[in-house]
Amino acid sequence: MTNDITFARLTEVEPAEIADHMSDPRVAEHMPLLTSAWDVNVAAGFVAKKEESWARDGLGHWAFLADDTYVGWGGFQKEGKEWDFGLVLRPDSFGLGRRIAMKAIDFAMADDRIPFVTFLLPPSRKNLGALGRLGAKPVGQIEYDGEKFLKFRLETV
């Protein structure tokens with residue numbers, strides 16, 4: 001496997017595959033907002049919601065593919081006036097996170113709509129060195145949907 005990384009729309013992935021991914025307890029470990037079980041209907045609703053972001057903002061979350069195989073999802077979501085970046089990989093693909101994030105950050109740097117990117121990480125995430133290597137700076141702690149997150153910001157211009 002060469003791990004050729006591509007981005008596709010979530011609609012190109014079977015909802016059952018997304019549901020299986022999001023049902024893995026290793027994924028939920030650092031996702032405090034993931035509080036209920038996923039099935040095909042939940043996954044289909046999730047994809048529909050992400051497609052609304054594309055329609056509204058012209059950008060949203062992608063399916064991440066390695067050699068045309070689904071390895072996770074993420075991308076940019078507009079939160080107020082900020083573009084937040086998220087990355088949720090299958091546990092067997094955690095090692096692809098840096099390559100996928102760098103490809104997405106390169107996209108953001110080339111897009112005039114995105115002067116900076118924010119990242120929200122739960123306090124349970126202790127290894128934050130990758131964000132520093134990207135150039136992201138800590139902003140502080142915020143509350144989102146009743147949960148605390150560490151917020152970082154990366155200038156893209």
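The model is predicted, so local features need pLDDT of at least 70 and side-chain atom pairs count only at pLDDT 80 or more, while totals for chains, interfaces and linings use all residues. Residues are numbered from 1 along each chain as its sequence is written, and side-chain values use heavy atoms, with hydrogens and water left out. Helices (H or I, at least four residues) and strands (E, at least two) are DSSP runs, numbered from the N terminus. For accessibility, buried means under 20% relative accessible area, exposed over 50% and partly exposed in between (1.4 Å probe, protein chains only).

**The largest pocket**

- The largest pocket holds about 1,600 Å³ of space.
- Here a pocket is found on a 1 Å grid over the protein atoms alone: it is an open set of points where a 1.4 Å probe fits, with protein on both sides within 12 Å along at least five of seven lines. Grid points are joined across faces, edges and corners, and the volume is the space filled by probe spheres set on the points.
- The lining has 47 residues, and those nearest the centre of the pocket are Met31, Gly86, Leu87, Val88 and Leu120; a lining residue has an atom within 4 Å of a point.
- Two or more lining residues come from each of α2 (25-28), α3 (40-57), β3 (69-79), β4, α4, β5 (116-121) and α5 (129-134).
- Helix α3 gives the largest share of this lining, with seven residues.
- By type, the lining divides into 26 nonpolar, ten polar and eleven charged residues. Nonpolar covers Ala, Val, Leu, Ile, Met, Phe, Trp, Tyr, Cys and Pro, charged covers Asp, Glu, Lys and Arg, and the others, Gly among them, count as polar.

**Strand pairings around β7**

- Strand β7 (147-155) is the partner of β6 (137-144) in an antiparallel pairing with seven bridges. Two strands pair if DSSP finds at least two bridges between them.
- Within that pairing, Lys137 has Arg153 of β7 as its bridge partner.
- Strands β5 and β7 also pair in the antiparallel sense, over six bridges.
- Opposite Phe116 stands Glu155 in β7.

**Positive phi angles**

- Asp145 sits in the loop between β6 and β7, a hairpin with two residues between the strands, and has a positive phi near 50°. Asp145 is exposed, at 65% relative accessibility.
- Asp68 is in the loop between β2 (61-66) and β3, and its phi is near 65°, again positive in a residue other than glycine. Asp68 is exposed as well, with a relative accessible area of 66%.

**Salt bridges**

- The structure holds nine salt bridges. Each is a side-chain nitrogen of Lys or Arg within 4 Å of a carboxyl oxygen of Asp or Glu.
- Glu82 and Lys151 meet through their side chains at 2.8 Å, N to O. Glu82 is in strand β4 and Lys151 in strand β7, so this pair ties together parts that are 69 residues apart in sequence.
- Of these two, Glu82 is partly exposed at 22%, whereas Lys151 is buried at 13% relative accessibility.
- Lys49 forms a salt bridge with Glu52, with the closest N and O atoms 3.7 Å apart. Both lie in helix α3, three residues apart, about one turn of the helix.
- Lys49 is exposed at 52%, while Glu52 is partly exposed at 43%.
- Glu155 and Arg153 form a salt bridge at 2.6 Å, N to O. Glu155 is partly exposed at 42% relative accessibility, and Arg153 is partly exposed at 29%.

**Ser93**

- Ser93 is found in the loop between β4 (82-89) and α4 (97-110) and is buried, with a relative accessible area of 8%.
- The side chains of Ser93 and Asp92 are joined by a polar contact of 3.4 Å. A polar contact is a pair of N or O atoms within 3.5 Å; within protein, one must be able to donate a hydrogen and the other to accept it, and residues adjacent in sequence count only if both atoms are side-chain atoms.
- From Ser93 to Met109 is 16 residues in sequence and 25 Å in space, C-alpha to C-alpha.
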